[in-house]
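Me: I would like to go through this structure with you before setting up any calculation. Could we begin with the terms and then turn to the particulars?

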Amino acid sequence: MFAGPLDESIIMRARKAGLLELKIHQLRDWTHDRHKTVDDRPFGGGPGMLMKPEPLFAAVESLRREQSKVILLSPTGRKFNQAIASELAAQSDLLLVTGHYEGFDERVRESLADDELSIGDYVLTNGALPAMVVIDAVTRLLPGVLGDDESSRDESFSHGLLEYPQYTRPAVFRGLKVPDVLVSGNHAQIEQWRREQAKSRTRASRPDLLKPD
Ligand code: 4FV
């Protein structure tokens, strides 16, 4: 599942530039039985299978370094957002553990992980996509990854607000005009308009993002 999304565009450019080193490990390499078993049935019954603690502890303990931050991807984690992406971009070494089947043996959560992240309140088939989401959001915040014209400065959530509306040519499309202030050249007015738009848009569709004034 990792082949593709992480081999393209900005992520691949960051890897080629040595700004990001990505290693994907086969958990079964830390099993010792003929079937390379990484899952088993839940105690107390119930549907599906769970990830066994032994392979995960063995894998993490052999890969973990002094500065590693071990992060579980699971729906029970704290909700991933731009602030957490900035937090992780300041780290030097992330060890992302993707969930599979019905999830992890609880001892993985209790005794192995430093943190647990969820990318949203829905259940996915496995933790690969959440891991890719985190890798993408964090990588673009690494110094030198985004060129000047791709800056992460003013985008959504960078100031805790949704991004202001943006337009490009033509100035009139099917009778729909670009707001005059944006073609006025008056940068003070343009900045003020953008601040107001970001606030009103956030108030309208994401009031939860607005801190009480
Ligand atoms: C998930 C999420 C997620 C749960 C069972 C993988 C699945 C399966 N991970 N944010 N939402 N994981 O749905 O991080 O093991």
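Me: What kind of model is it, and how are residues numbered?

Reply: This is a predicted model, in which local features need pLDDT of at least 70 and side-chain atom pairs count only at pLDDT 80 or more, while totals for chains, interfaces and linings use all residues. Residues are numbered from 1 along each chain as its sequence is written, and side-chain values use heavy atoms, with hydrogens and water left out.

Me: Back to Asp 121. Which residue does its side chain meet in a salt bridge?

Reply: The partner is Lys 79, at 3.5 Å from N to O. A salt bridge here is a side-chain nitrogen of Lys or Arg within 4 Å of a carboxyl oxygen of Asp or Glu. Asp 121 lies in the loop between strand E5 (115-118) and H5, and Lys 79 in strand E3 (residues 68-79), so the pair ties together parts that are 42 residues apart in sequence. Helices (H or I, at least four residues) and strands (E, at least two) are DSSP runs, numbered from the N terminus.

Me: And Lys 79, how accessible is it?

Reply: Lys 79 counts as partly exposed, at 44% relative accessibility.

Me: How many salt bridges does a search of the whole structure find?

Reply: The search finds 13. Among them is the bridge between Arg 107 and Asp 105, whose closest N and O atoms are 2.6 Å apart. Arg 107 is partly exposed at 43%, whereas Asp 105 is buried at 14%. Asp 208 and Arg 206 also pair, at 2.7 Å from N to O; Asp 208 is exposed at 55% and Arg 206 partly exposed at 29%.

Me: Which residues are linked in a network of salt bridges?

Reply: Arg 78, Glu 87 and Asp 115 are linked in this way.

Me: Changing topic: which residues have the most contacts inside the largest nonpolar core?

Reply: They are Leu 6, Phe 80, Leu 88, Leu 117 and Val 134, in a core of 23 residues. H1, E3, helix H3 (82-89) and H5 each supply at least two residues of this core, and H5 gives the most, with 7 residues. A nonpolar core is a set of buried Ala, Val, Leu, Ile, Met, Phe, Trp, Tyr and Cys residues joined through side-chain atoms within 4.5 Å.

Me: What does Leu 88 touch?

Reply: Not counting residues up to four places away in sequence, Leu 88 touches Lys 69, Ile 71, Phe 80, Leu 94, Leu 117, Val 134 and Val 138. Contact means heavy atoms within 4.5 Å. A second, separate core of 16 residues includes Leu 27, Val 38, Val 70 and Val 108.

Me: Now the backbone. Where is the peptide bond that is cis?

Reply: The bond from Arg 169 to Pro 170 is cis, with omega near 5°. Pro 170 is found in the loop between helix H5 (128-139) and strand E6 (172-173).

Me: What about phi of Ser 9 and of Lys 36?

Reply: Ser 9, which is not a glycine, has a positive phi near 40°. Ser 9 is found in helix H1 (residues 9-16) and is exposed, at 55%. Lys 36 has a positive phi of about 50° although it is not a glycine. Lys 36 is found in the loop between H1 and strand E1 (39-40) and is partly exposed, at 41%.

Note on methods: Buried < 20%, exposed > 50% of the residue type's maximum accessible area, 1.4 Å probe, protein only.
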